[in-house]
Amino acid sequence: MNFDAFNLNEKVLEAISYMGYNEASPIQEQTIPAIMEGHDMIACAQTGTGKTAAYLLPILNKLAVNEPEGLNTLIIVPVRELAKQIDQQIQAFSYFLPINSISIYGGGDGMDWEYEKKSLMGDANIVVGTPGRLISHINLGYVDFSKIEHLVLDEADKMLDMGFFFDIQKIVSFLPKHRQTLMFSATMPPKIRSLAKHIMNKPKEVTIGLSTPAEGITQTVYYVFEHQKSKLLNMIIQDRPNYDSILIFTSTKSKVNSIARAIKAVEKSIDAISSDLEQEARELTLQKFTSRQTRILVATDVLSRGIDIKDINLIINYDAPHEAESYVHRIGRTARASTKGEAITLVGEHDIRKFKAIERLISSTINTAKLPESLGEGPDPLAPIAPFKRSPQKRFNNNRNNLKK
């Protein structure tokens, strides 16, 4: 479907055309008309399907017709990187409109705080913020959300996973009851249903391709012992000299820098990012990777949600994620917007059970690649998995606690 079919304002259509978009994605086709009609919406779709535009375009269309005075729309997101990205998209889609927006998140200095305060007090029409930062402003008593017409929860499942359920409810308590609430997510856990009951009014629901990777991703798994991973990783990178954008995920931030150091033996254009970095350093690192100044980036799952970096050639999971859903989000950083991409996962001897859960989730058996002969044999994925056993110290502590009861 062409965007013209939605009867959007001509200035919004002009911005869409200027950005090079032609056809609406399935999630956009199914949500934009209902949102334009004023319905609350719960929308679930895999990463890279255009969820952000699905809610921004109908909101901007309404603001183009009825120019707002002061704060009109609040978008709540889990992490600062996503807040910045959405704000940039708002500025692009509203290029020909008299709309002001701001992204609000923690980690800035006093000047950032004063600018955010001024924007919240009426200078901005659309605010994109993280829950903690928004509550910090609310607690100081100068934030007026009484004229909010649109509330959007983007990456709602991630925010609930991060423990923001009650923070979101607190923010919502300052909003008018009569508003449009839109909840966009990549998965549909029970907590989403619970939150929806508290803050939404008879929402319509759209679910597309839930928990399935994009069709354009070629997926491969190597079963490998931990001591073999670094050598295999370097071989994978050396075998793909034409790839100019490679993103490597690890489940723990303690591994990020050690992985980056190991790769520097074969590739100098590499950087690492995790929550340990200061905000300014994180932004610079991400900017360099986005602009192709850095070829390889090693990251934690902070980059697995919502971050739209175009044309990433290869996603490497240095280890299997703790949660099966995270696998879909990680590899969803490639093959975005109907392009092609490659995803390789290194599964250690202790992660086989986790990876089997991933294959059950996506209803697919991922192609197993043979290790290079120089590395020797890896673990047998078909071998019986030993049951989990508590350590003697944990058994002692549990027994002691039971005696106290």
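Helices (DSSP runs of H or I, at least four residues) and strands (runs of E, at least two) are numbered from the N terminus. On that basis the protein chain contains 15 helices and 14 strands. The model is predicted: local features need pLDDT of at least 70, side-chain atom pairs count only at pLDDT 80 or more, and totals for chains, interfaces and linings use all residues. Residues are numbered from 1 along each chain as its sequence is written, and side-chain values use heavy atoms, with hydrogens and water left out.

**Overall dimensions and surface**

- The radius of gyration, taken over C-alpha atoms, is compared with a globule rule of 2.2 Å times the number of residues to the power 0.38. For 405 residues a compact globule would have a value near 22 Å, and the 23 Å of the protein chain agrees with this.
- The C-alpha trace of the protein chain spans about 65 × 60 × 40 Å along its principal axes.
- Buried means under 20% relative accessible area, exposed over 50%, and partly exposed in between (1.4 Å probe, protein chains only). By this criterion, 53% of the 405 residues of the protein chain count as buried.
- Accessible areas come from the Shrake-Rupley method with a 1.4 Å probe, and for residues only the protein chains shown count as cover. The accessible surface of the protein chain comes to about 19500 Å², and 49% of this belongs to carbon and sulfur atoms.
- A contact means heavy atoms within 4.5 Å. Among contacts in the protein chain with a separation of 6 or more, 78% are accounted for by residues 24 or more positions apart.

**Helix α2 (residues 26-36)**

- The buried residues in α2 are Ile 27, Gln 28, Thr 31, Ile 32, Ala 34 and Ile 35.
- These buried residues pack against β1 (41-45), α3 (51-65), β6 (180-185) and β7 (204-208).

**Helix α11 (residues 253-263)**

- In α11, Val 256, Ile 259, Ala 260 and Ile 263 are the buried residues. Seen down the axis of α11, they fall within an arc of 100 degrees, so they line one face of the helix; the arc is that of the directions from the helix axis to the C-beta atoms.
- An α-helix has 3.6 residues a turn, so residues three or four places apart point the same way.
- Ser 254 and Arg 261 are exposed on the other side of α11.
- The cover over the buried residues of α11 includes α10 (229-238), β9 (246-249), β10 (270-273) and β11 (296-299).

**Positive phi outside glycine**

- Asn 7, a residue other than glycine, has a positive phi near 55 degrees. Asn 7 is placed in the segment before α1 (10-18) and is exposed, with a relative accessible area of 63%.
- Glu 155, also a residue other than glycine, has a positive phi near 55 degrees. Glu 155 is found in the loop between β5 (150-154) and α7 (156-161) and is buried, with a relative accessible area of 4%.

**Individual sites**

- Glu 359 lies in helix α14 (residues 352-362) and counts as buried at 10% relative accessibility.
- Not counting residues up to four places away in sequence, Glu 359 touches Ser 364, Thr 365 and Ile 366.
- Glu 359 and Ala 324 are 35 residues apart in sequence and 8.4 Å apart in space, C-alpha to C-alpha.
- Asn 242 is placed in the loop between α10 and β9 and is exposed, with a relative accessible area of 61%.
- The C-alpha atoms of Asn 242 and Leu 57, which are 185 residues apart along the chain, are separated by 36 Å.
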